[in-house]
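Visitor: Please walk me through the interface of this model.

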Amino acid sequence: MLTEATLRWIGGLGAAIVCVCLLAISGAVPLRYNFRNLTVRWRTTLLTVIAFTFVIGLLTVMLSFVNGMQRLTESSGRDTNVLVISASATDEAFSSLTPEAVSGIENLPGISREGEQPLCSRETYLVVNQPIEQPRSEGPKRRFLQLRGVDNAEIAARVHEVRLHPGGSWFSAAGVQQGDADDDETVVEAVIGEGAARELGRDASNWQRDSVKALGRLDVGDTISMGGRRWRIVGVMQSAGSTMDSEIWTYRPLVAFIFGKQSYTTVVARCASSAAAGKLAQFLEKEYKVAPIKAFVETAYYAGLSGTNQQFTVAIMVVAFVMAVGGVFGIMNTMFAAISQRIKDIGVMRIIGFSRTQILTSFMLESLLIAFVGAATGCLLGSLVHGLSATSVVGSGQGGGGKTVVLKLVVDSGILSKGMILGIVMGFVGGLLPAGGAMRLKPLDAVR
Amino acid sequence: MKYLTLILKNIRRNPLRTLLTAMGTMMLVCVVTLIWSVLSFLDRQTSEKSQNLKLIVTERWQLPSQMPLSYADILSKGAPREPNDLTIADRDSMTWQFFGGSTEEDPRNRSPDSILFAFALEPPKLATMMDELDELGGSVAAEFQRVVDKLAANRQGLVVGQSRLDLLKQKVGGRLTLFSLNYPGIKLDLEIVGTFPPGRYDLSAAIHRDYLSSAMDQYERETGRRHPMIDRTLNLVWLRVKDRQEMAQVAQQIESSPQFRNPQVKVETASSGIAAFLEAYRTLIWGMRWLLMPAIITVLAVIIANAISISVRERRTELAVLKVLGFRPNQLLCLVVMEALAIGVSAGLSSALATYLLINLGFGGVTFPIAFFSKFFIPWEAVVLGTIVGAGTALAGSVVPAWSARSVKVSEVFAKVA
């Protein structure tokens with residue numbers, strides 16, 4: 001099945017090709033005349049193509065970054081889940097829910113059950129300062145890690161639909177295990193998202209762990225330091241494409257003990273259907289009186305974290321527009337030069353019967369061909385970043401909160417379509433004025 | 001002088017091409033100036049100083065940092081315990097409590113424009129400890145001091161940035177009620193006593209910390225129970241020290257103090273703290289610095305190279321004539337390079353200057369939220385940078401065409417003409 005984005009890409013590319021073809025067909029001036037002119041002045045043509053390539057390539061890369069963030073927020077959360085935070089909080093990190101408020105929620109009708117157990121995960125989310133063990137001389141001395149304490153790992157995994165990579169396991173009932181043989185201290189068990197494992201694996205040059213060498217990330221058995229304790233990774237989540245990818249999960253009472261955060265921040269409840277989830281969220285929002293809370297269908301909560309994406313998109317559009325205008329001036333220069341070199345050609349063509357429109361078409365075609373090649377090359381080069389990892393922050397964009405995420409750059413058909421269309425528009429706008437000038441030349445004046 | 005006249009005449013020979021090249025240069029220099037301004041600001045914020053350092057004391061492990069207000073007085077002094085310990089002077093410390101509120105009581109009616117985040121602090125510290133406000137001078141400083149004095153005298157006062165004031169549709173002297181987002185059940189009735197000087201704090205606000213404390217006391221009196229945030233209301237303590245030696249001593253005093261065990265605290269330089277926040281934006285900053293800037297500069301050089309090479313190609317006969325008239329090859333090379341430089345420098349300078357004036361005075365800064373910085377301004381150095389970028393790209397773009405002009409063979413050109 002063709003996705004909407006693929007259709008957009010095909011549409012954009014198709015429109016560009018149709019535009020060029022129509023001009024080629026409608027113009028009586030042979031296409032090879034234009035090709036020859038472009039190849040004769042190959043240096044000028046090449047320089048203009050390079051300028052287009054850079055502008056469109058940059059646009060592709062910048063949009064792939066925002067697209068990656070957008071995909072991440074869209075694919076995080078389930079429409080059958082209801083997420084609850086305290087009423088005054090703008091984000092999970094600022095939420096505080098008492099045990100009474102939480103226990104009141106999980107017994108509500110509409111929440112799915114597994115046997116007697118409601119599919120309701122009680123969680124404490126917090127952002128932790130982690131001193132970097134061997135920081136680079138110019139780099140930061142610490143980083144922020146996102147820690148999620150869950151009361152019941154199995155239930156949390158069911159609610160969030162998270163699985164572990166083979167070889168991993170969820171943390172034990174105690175949440176701790178014996179440290180190394182020569183160390184009496186216990187280590188805290190943790191399950192880590194793939195993205196976070198990759199981020200922490202960046203210190204691999206210092207650690208030289210086998211897992212980092214083999215997988216490019218930390219793996220089961222590796223340890224990290226956090227909150228003054230050693231933490232051992234017992235499982236790696238298959239979490240790519242969601243905000244969970246950047247999180248570390250552990251047993252919640254240990255979060256309360258180590259970091260002093262006694263309250264819950266979040267409750268996520270699983271419902272049988274999206275309709276049931278909507279109904280439950282509405283009930284919690286309007287009629288739940290045990291504690292002041294906010295309830296969202298989980299997908300709506302993550303959609304609300306796209307404020308940063310919108311801000312970045314606006315910034316990118318401004319930069320792309322200004323660069324595009326610069327590119328338009330570049331192609332105008334090229335086309336004006338092309339025309340001034342061929343004034344006599346134009347005069348001869350007019351004398352032997354070519355109309356003004358055909359002259360206009362011919363020069364527009366040249367401009368569009370340059371733009372097409374430049375834009376296509378830019379899209380192609382920009383596409384090379386597809387799949388690369390990046391870090392960013394997703395949030396509501398209103399200050400306060402936000403989640404640090406590891407994301408993949410995504411170049412899709414929509415972006416390529418935008419790149420091609422912008423390129424063609426630049427070529428059209430840049431070519432129009434010079435081609436119009438060529439069209440207005442009087443035959444006798446031109447050959448004189 | 002004749003040489004200069006020749007350059008100017010050549011530039012004016014094809015005004016359209018000169019204009020297009022200059023316009024292209026101006027647009028791209030504008031982008032370079034904007035990006036550089038953002039990056040240089042972030043670099044300044046994260047560069048470590050060795051003298052006159054500002055330190056921040058925060059909760060050791062968690063974000064957001066939330067400490068009991070009982071920490072405030074001791075931390076503000078640097079937690080001295082022994083007679084030889086260093087004590088921070090009152091003017092060199094500042095406490096921050098973050099208060100977020102909305103003018104709308106009903107959460108469903110709240111919008112970004114109705115929300116206000118304010119620093120609750122000791123009013124005099126606004127002028128002595130806040131970044132950039134502590135460096136004001138002249139009439140701006142005197143005017144702001146009057147605002148600070150008003151806030152000190154009015155516990156319910158509010159100082160707010162002009163942009164935020166406009167969003168709130170309020171004026172100085174107006175009153176508003178803020179319903180708290182992060183202090184459940186707390187509302188503050190505030191009177192706007194003045195604004196921040198234009199710049200970094202355009203979207204920020206500050207209130208009297210005593211008013212927040214008394215509002216929490218009132219909550220306890222009315223409800224009969226302590227406010228749930230009462231032990232977590234202190235977010236940050238700022239300290240100013242003379243040098244790195246003092247910093248190490250103060251950090252040791254605080255971090256080894258038994259008074260700060262639950263929660264534990266940490267001391268770091270402000271620049272180090274900001275660098276940690278910016279780590280999440282690592283890719284974005286890297287991309288701006290090493291991808292966007294070089295690519296734009298390359299496009300700029302290509303556009304100039306294109307224009308100059310077209311110009312040289314069109315003037316091969318004229319260049320040959322100049323050679324016949326006695327111009328040496330290097331003089332022709334310089335002629336072409338100087339033409340490009342004249343366009344590059346003038347376009348770069350005017351673009352950077354226009355960007356500086358338009359962004360700083362016209363738009364009141366460029367909005368680009370990154371970490372806790374929301375607006376960026378164009379420093380005057382950017383005008384110099386814009387000129388250098390214009391000149392540099394003109395030089396780079398004109399080298400090959402200029403070499404081509406230098407290498408014009410008189411016999412070949414005249415053979416073609418003949």
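This is a predicted model: local features need pLDDT of at least 70, side-chain atom pairs count only at pLDDT 80 or more; totals for chains, interfaces and linings use all residues.

Guide: Residues are numbered from 1 along each chain as written, chains are lettered from A and ligands numbered from 1 in written order, and side-chain values use heavy atoms, without hydrogens and water.

Visitor: What area is buried between chain A and chain B?

Guide: Buried area is the accessible area (1.4 Å probe) that two parts lose on being put together, summed over both. Carbon and sulfur atoms give 68% of it here. The area is about 4800 Å².

Visitor: Which residue meets the side chain of A:Arg142 in a salt bridge?

Guide: A salt bridge puts a side-chain nitrogen of Lys or Arg within 4 Å of a carboxyl oxygen of Asp or Glu. The count between the two chains is 2. For A:Arg142, the N to O distance is 2.1 Å. The partner is B:Glu268.

Visitor: Which element gives the most to the side of chain A that touches chain B?

Guide: Helices (H or I, at least four residues) and strands (E, at least two) are DSSP runs, numbered from the N terminus. Elements giving two or more residues include helix H3 (42-75) and strand S5 (142-150). The top contributor, with 18 residues, is H12(A).
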